[in-house]
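Please keep the sequence and the model in view while reading.

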Amino acid sequence: LVIYTVGGKAGLDQVLQAEPGANLTLNLLAVAATWVLVGLLLALLTARRINATNGLEVAGFSTVSLLYINILRERVVYGDLEDYVKAAFNLAAGEHLHLRYLYPPFLATILALFIPLGNNAIFYVCWLANISAVAILFLLLSRCLQLYGYPAPLAVLVTVIFMSVNMPILRTLVYGQVNLHVLNLILGCLLLYRRAPFLS
């Protein structure tokens with residue numbers, strides 16, 4: 001903020017630089033996501049909310065989240081995500097969906113609501129949503145395993161291993177697909193079923 005106040009955008013351009021071929025905005029979003037995660041951990045530590053009961057889950061959650069934030073920081077092309085955004089603009093203009101859009105129109109319809117923000121903003125919102133989906137998947141999957149009989153430490157350990165070496169998750173993220181959101185909804189329905197079958 002100080003640099004921007006004193007030097008404006010030119011001052012920021014001198015300080016904030018990305019390696020060749022990188023996307024500076026994505027790098028900044030990754031840094032922001034990392035700091036939010038670290039801030040959350042510090043807040044939990046300060047409030048003494050991390051203990052022997054949940055310490056392993058917090059550590060696993062942090063490890064998996066940081067792993068995927070850093071992987072996606074380097075990725076600058078997200079083929080399917082670009083297709084979703086382009087389809088949203090097609091719908092807003094009253095045009096046919098473009099030939100590469102082979103998906104149900106639901107996502108494009110939702111993204112069309114964000115068109116006033118611009119093409120890049122929609123892309124970055126979707127990128128952040130996928131990063132968030134990884135963190136949510138970790139929590140939901142761990143809790144589902146516990147619901148179906150896994151002891152809590154084993155459920156967390158299995159989830160960390162599963163998510164750390166999972167090629168379908170990685171492919172979903174590097175193409176910018178929506179599969180993790182669908183999976184999270186399914187796991188959420190499983191968790192809700194016994195307490196709130198209607199919501200499930």
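With which residue does Glu-57 form a salt bridge? The partner of Glu-57 is Arg-143, and the closest N and O atoms of the two are 3.0 Å apart. A salt bridge is a side-chain nitrogen of Lys or Arg within 4 Å of a carboxyl oxygen of Asp or Glu.

## Basis of the report

The model is predicted, so local features need pLDDT of at least 70 and side-chain atom pairs count only at pLDDT 80 or more, while totals for chains, interfaces and linings use all residues. Residues are numbered from 1 along each chain as its sequence is written, and side-chain values use heavy atoms, with hydrogens and water left out.

## The chain as a whole

The secondary structure consists of nine helices and zero strands. Helices (H or I, at least four residues) and strands (E, at least two) are DSSP runs, numbered from the N terminus. In sequence order the pattern is α-α-α-α-α-α-α-α-α. Along the principal axes, the C-alpha atoms fill a box of roughly 50 × 45 × 30 Å.

Of the 200 residues in the chain, 34% are buried. Buried means under 20% relative accessible area, exposed over 50%, and partly exposed in between (1.4 Å probe, protein chains only). The chain exposes about 12300 Å², of which carbon and sulfur atoms supply 69%; accessible areas come from the Shrake-Rupley method with a 1.4 Å probe, and for residues only the protein chains shown count as cover. Among the contacts with a separation of 6 or more, 64% join residues 24 or more positions apart, where contact means heavy atoms within 4.5 Å.

Helix H6 covers residues 119-147, which is 29 residues. From its first C-alpha to its last it reaches 41 Å, close to the 42 Å expected at 1.5 Å a residue. The expected span of a helix is 1.5 Å times one less than its number of residues. Just after H6, Gly-149 has a positive phi of about 110°. Ser-142 has its place in helix H6 and is buried, with a relative accessible area of 0%. Apart from its neighbours within four places in sequence, Ser-142 is in contact with Glu-57, Ala-155, Val-156 and Thr-159.

Helix H4 (residues 79-92) has 14 residues, which should span 20 Å at 1.5 Å a residue; its end C-alpha atoms are 20 Å apart, in agreement. The buried residues of H4 include Leu-81, Asp-83, Tyr-84 and Val-85. Helix H5 (106-112), H6 and helix H8 (167-175) are among the parts that cover the buried residues of H4. Just after H4, Gly-94 takes a positive phi of about 75°.

## Salt bridges

Side chains of opposite charge can pair when their charged atoms come close. The structure holds two salt bridges. In the pair of Glu-57 and Arg-143, Glu-57 lies in helix H3 and Arg-143 in helix H6, so the pair ties together parts that are 86 residues apart in sequence. Glu-57 is buried, at 13% relative accessible area, whereas Arg-143 is partly exposed, at 40%.

Arg-100 forms a salt bridge with Asp-83, and their closest N and O atoms are 2.8 Å apart. This pair links distant parts of the chain, with Arg-100 in the loop between H4 and H5 and Asp-83 in helix H4, 17 residues apart. Asp-83 is buried, with a relative accessible area of 6%.

## Aromatic rings

A pair of aromatic rings is described by the distance of the centres and the angle of the planes. Rings of Phe, Tyr and Trp (its six-membered ring) pair if their centres lie within 6.5 Å; planes under 30 degrees apart count as stacked, over 60 as edge-to-face and the rest as tilted. The structure holds six aromatic pairs. In one of them, the rings of Phe-61 and Phe-138 have centres 6.3 Å apart and planes at 70°, so the pair is edge-to-face. Phe-61 belongs to helix H3 (residues 55-73) and Phe-138 to helix H6, so the pair ties together parts 77 residues apart in sequence. Phe-61 is buried, at 15% relative accessible area, and Phe-138 is buried, at 0%.

The rings of Tyr-101 and Tyr-103 have centres 5.1 Å apart and planes at 75°, so this pair is edge-to-face. Tyr-101 is buried, at 7% relative accessibility, whereas Tyr-103 is partly exposed, at 27%. Ring pairs also link Tyr-78, Phe-123 and Tyr-124 into a cluster.
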